[in-house]
Amino acid sequence: METKSARRAFWLLLAAGGAVLAVALGAAHYMEVHGHAVTGMNNQVVWGLPHVFAIFLIVAASGALNVASIGSVFGESDYKPHAPLSVLLTVALLAGGLMVLVLDLGRPERLVVAATHYNFRSIFAWNMILYNGLFAICALYLWALLERRLGRFARPVGLAAFAWRIILTTGTGSIFGFLVARQAYASGVIAPLFIALSLAWGLAVFHLAQCGLARLAGREPMDAELHARVRRLLAIFVIAALYFVAVHHLTNLYWAKQVAFERFILVSGAPYPALFWAGYVVLGSLVPLVLLFHPGLASARATAAASVLVALGALAFLYVFIVGGQAFPLEIFPGYEVASTFGDGRADGYSPSLPELLLGLGGLAASFLIALAGARALPILAPAEVAMAAPAPAK
Amino acid sequence: MNPVDKRRREFFGQAAAIAGAMIAPGLMLYEYAEAVGPDGASRPRAPGEPVSGKVRWGMLIDTTKCAPGCRECVDACNRENGLPGTTRATDSQWIRKVDLKDLKTGKAVSLPVLCQHCAEPPCVDVCPTGASFKREDGIVLVDRHTCIGCRYCMMACPYKARSFVHEATTGQSPDVPRGKGCVESCTLCVHKVDKGGTPSCVEACAAAGHQAIVFGDLNDPSSEISKRVRAATTTQLRADLRTDNGVRYQGL
């Protein structure tokens with residue numbers, strides 16, 4: 001039975017999320033009417049802050065399926081009650097990310113062109129198929145999880161979803177990995193790096209959503225034993241992501257032709273080194289690891305704090321990866337000092353504009369709204385928590 | 001010869017002449033489309049006539065003749081294609097002058113950089129809708145009707161040759177449609193080349209007395225560009241990527 005305060009909190013949150021989304025749509029309209037001249041993006045940095053948010057949401061969407069996969073594919077029954085929320089979050093995050101991506105197009109009204117004209121040599125075109133496919137698979141998965149009579153399909157559909165999300169994140173990473181011309185990208189390691197990042201970011205977002213929704217319903221988030229396992233898992237994922245990031249940079253440092261780029265991104269090219277070291281490495285990875293491993297901090301609150309830091313670190317990482325990667329000038333004439341009216345040989349500045357930030361936040365808001373409304377409309381929260389909540393005094 | 005045979009012979013002769021007269025223009029048009037003159041210049045293409053894959057349009061830029069500070073090619077491109085000619089970071093620049101200084105020797109070089117019209121163009125590979133495409137004759141273009149403005153081609157281009165139209169356009173040329181929210185780049189003045197003309201930058205460079213840019217068919221061994229490419233050492237930018245550029249540089 002839902003309490004009055006829980007109902008009020010739900011509607012307040014819905015209104016707040018709706019307001020952010022409305023402002024974001026207004027910002028997108030403003031950008032479309034005036035063109036991208038009103039953003040910080042230019043002919044050097046062609047993908048800016050909206051892409052940071054969009055890629056974060058899309059990568060986290062794939063990772064949010066972790067919990068469902070652990071239950072359905074790897075047979076860990078403790079995770080199974082949490083599978084519906086895991087799948088719902090995947091849908092919500094993916095929708096939010098795609099919304100930002102589409103609204104940042106130069107011609108967003110031509111979405112139908114993108115849906116009807118495919119160049120199958122393009123990893124971007126493949127990703128459109130993969131994104132839509134994930135929506136369809138998640139819908140079936142959710143159905144199989146929530147409808148008792150379809151329970152026997154949960155495992156095969158879960159397996160399909162697991163395989164699909166691995167391929168999907170490989171595709172997302174390969175958007176960058178296949179860019180042969182750019183020093184920042186053009187690497188096969190980016191695909192597994194993105195998978196490792198997705199595992200960490202997705203689990204962090206899942207934990208936050210789980211805590212938030214449980215609190216809204218006046219319930220305990222999850223039992224202590226499972227919480228301990230989620231903590232360890234999140235820590236392992238954060239370490240795995242750090243490992244792939246380290247491999248990527250170390251490989252570049254070994255190649256003479258990449259040293260200038262590495263110096264730019266890790267040492268001299270402000271603001272990217274600060275965002276990388278302080279934002280991603282320290283605040284987004286090392287501090288969360290302390291929070292997750294320290295025996296004296298084994299609380300849901302500490303895990304939630306670690307999750308928030310992992311998500312913020314993700315945004316810092318992506319800003320460095322996407323914006324910093326473009327800010328470094330293309331090396332068309334190695335061995336020469338280069339100058340032109342088109343920014344050749346010069347690291348170009350990029351200052352994100354307010355409309356871009358609002359559009360990015362709108363993506364988060366859209367994901368939030370879908371998750372919130374979905375969790376209310378569907379029996380998403382784990383039954384175990386209902387049982388746990390029973391002794392708690394009604395508010 | 002009896003009169004009947006004579007009339008019959010005359011009839012066949014006249015019929016053959018008429019048939020020949022009817023077929024010949026078609027054959028000539030076909031040859032027009034296919035043939036390339038010894039000067040390597042383009043030939044007009046009949047309306048509806050498909051582009052020939054036997055031709056590979058290209059440019060040779062002789063950096064030893066390109067004058068530092070000269071912007072004739074850039075200005076001509078802007079005039080021809082209705083570009084504003086301003087150089088903010090959001091403005092389109094289809095061709096730009098790049099000044100180089102060798103870090104070891106201090107040798108200075110000035111040269112124009114434009115779309116390299118690659119045989120293996122990364123922009124065409126990555127374009128999700130197929131809006132970026134390469135014609136049979138090697139000219140790489142953007143279809144304004146199917147470009148969704150995702151800018152992935154700009155991420156993929158090794159030469160920074162593409163521009164995104166960041167705001168509403170003014171002063172468009174009827175031959176060169178442009179539009180806010182789409183990506184664009186050098187078309188090799190395809191609207192002129194298809195009528196037998198030469199890209200404006202090439203004409204402007206010649207008019208300024210530099211003759212630093214040669215335009216022609218790389219597939220025609222008798223064209224000037226082919227002879228020059230055979231005779232001198234030329235460079236393709238980022239040759240390591242094996243994109244097989246249609247634009248070559250001499251003296252770099």
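Me: Is Asp244(B) buried, partly exposed or exposed, and what is its relative accessibility?

Reply: The general idea is a scale of relative accessible area, where buried means under 20%, exposed means over 50%, and partly exposed lies in between, with a 1.4 Å probe and protein chains only. On that scale Asp244(B) counts as partly exposed, because its relative accessibility is 31%. Bear in mind that this is a predicted model, in which local features need pLDDT of at least 70 and side-chain atom pairs count only at pLDDT 80 or more, while totals for chains, interfaces and linings use all residues. Residues are numbered from 1 along each chain as its sequence is written, chains are lettered from A and ligands numbered from 1 in the order in which they are written, and side-chain values use heavy atoms, with hydrogens and water left out.

Me: Which side chain does Asp244(B) meet in a salt bridge?

Reply: A salt bridge is counted when a side-chain nitrogen of Lys or Arg lies within 4 Å of a carboxyl oxygen of Asp or Glu. The partner of Asp244(B) is Arg56(B), with an N to O distance of 3.8 Å. To place the two, one needs the elements, which are DSSP runs numbered from the N terminus, helices being H or I of at least four residues and strands E of at least two. Asp244(B) sits in the loop between β9 (234-235) and β10 (247-250) of chain B and Arg56(B) in the loop between α1 (3-34) and β1 (57-62) of chain B, so the pair ties together parts 188 residues apart in sequence. Arg56(B), for its part, is buried, with a relative accessible area of 12%.

Me: Where do the partners of the salt bridge between Lys192(B) and Glu203(B) lie?

Reply: Their side chains meet at 2.8 Å, N to O; Lys192(B) belongs to helix α5 (residues 190-193) and Glu203(B) to helix α6 (residues 200-207) of chain B, 11 residues apart. Lys192(B) counts as buried at 17% relative accessibility, whereas Glu203(B) is partly exposed at 39%. Salt bridges can also share partners, and in this way Arg45(B), Arg135(B), Asp137(B) and Asp194(B) are joined into one network.

Me: How many salt bridges does the structure hold over all chains, and which residue of chain B pairs with Asp344(A)?

Reply: Over all chains there are 20 salt bridges. Asp344(A) pairs with Arg96(B), and their closest N and O atoms are 2.5 Å apart. Asp344(A) lies in the loop between β1 (336-340) and α13 (354-377) of chain A, and Arg96(B) in strand β2 (residues 95-102) of chain B, so this pair joins two chains. Both Asp344(A) and Arg96(B) are buried.

Me: Which residues of helix α2 of chain B are buried, and what covers them?

Reply: In α2 (residues 72-81) of chain B, the buried residues include Cys73(B), Val74(B), Ala76(B), Cys77(B), Asn78(B) and Asn81(B). Cover is read from contacts, meaning heavy atoms within 4.5 Å, and here it includes β2, β3 (108-114), α5, α6 and β8 (213-217) of chain B. Just after α2(B), Gly82(B) takes a positive phi of about 65 degrees.

Me: Which residues other than glycine have a positive phi?

Reply: Among them is Arg151(B), with phi near 70 degrees, in the loop between β5 (140-142) and α4 (152-156) of chain B; Arg151(B) is buried, with a relative accessible area of 2%. Another case is Cys189(B), with a positive phi of about 50 degrees, in the loop between β7 (183-184) and α5 of chain B, and Cys189(B) counts as buried at 7% relative accessibility.

Me: Which residues does the cis peptide bond in chain A join?

Reply: Here the angle to read is omega, which is about 10 degrees for the cis bond joining Ala270(A) and Pro271(A). Pro271(A) is placed in the loop between α10 (259-268) and α11 (272-293) of chain A.

Me: Where is Phe178(A) found, and is Phe178(A) buried or exposed?

Reply: Phe178(A) is in the loop between α7 (154-177) and α8 (190-216) of chain A, and at 52% relative accessibility Phe178(A) counts as exposed. The C-alpha atoms of Phe178(A) and Ile190(A), 12 residues apart along the chain, are separated by 9.3 Å.
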